[in-house]
Amino acid sequence: MDLVVVIPTCEHLGYAYRALVSLGKCTPDVRWKAILVDDASRQWDGERWSKWPLDNVIRHHFPTRKGLTRSWNFGIEKAEALKARYTVVTNSETSIQVPPSQNAVGNITIANNNSCRNAVSYHAACKPAAE
């Protein structure tokens with residue numbers, strides 16, 4: 001596994017959907033998986049999951065709200081179990097773009113999708129997992 005992206009969410013499944021769609025546009029030479037971790041969103045059970053791009057997605061829903069840190073930690077534990085070369089922990093309101101070269105997976109562009117805020121983009125230099 002080249003890349004695992006942890007996407008926590010709470011009451012913002014629309015943002016999480018857009019983040020997964022952006023990740024799904026990665027080039028085919030990047031082997032990736034996303035871990036969607038929900039912190040007790042009320043709309044989780046009523047969501048129409050059939051419209052989501054879920055081929056490379058692990059979903060987990062916590063029934064009680066305990067905060068962002070628990071979601072990040074849960075996702076990181078799952079990523080470690082998958083033995084990902086790179087793990088990116090983000091928020092649901094981001095879009096993810098992996099460069100077209102397999103060797104460039106360590107330079108990932110992350111942009112804010114939240115239209116209520118000024119768009120921000122930056123490059124996250126990812127460190128490989130310990131070998």
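Let me start with Asp 39, which sits in strand E2, residues 32-39. Strands here are DSSP runs of E with at least two residues, helices are runs of H or I with at least four, and both are numbered from the N terminus. This is a predicted model, in which local features need pLDDT of at least 70, side-chain atom pairs count only at pLDDT 80 or more, and totals for chains, interfaces and linings use all residues. Residues are numbered from 1 along each chain as its sequence is written, and side-chain values use heavy atoms, with hydrogens and water left out.

Is Asp 39 buried or exposed? Asp 39 is buried, because its relative accessible area is 4%; buried means under 20%, exposed over 50%, and partly exposed in between, with a 1.4 Å probe and protein chains only.

What is around Asp 39? Setting aside neighbours within four places in sequence, its contacts (heavy atoms within 4.5 Å) include Thr 9, Cys 10, Phe 62 and Lys 66. A polar atom of the Asp 39 side chain lies 3.0 Å from the backbone nitrogen of Lys 66.

Next, two loop residues. Glu 11 is in the loop between strand E1 (3-9) and helix H1 (13-24). The phi of Glu 11 is near 65°, a positive value in a residue other than glycine. Glu 11 has a relative accessible area of 21%, so it counts as partly exposed.

Lys 83 is in the loop between helix H2 (68-81) and strand E4 (86-89). Its phi is near 60°, again positive in a residue other than glycine. Lys 83 counts as exposed, because its relative accessibility is 67%.

Notes. Polar contact = N/O pair within 3.5 Å; in protein donor to acceptor, adjacent residues only side chain to side chain.
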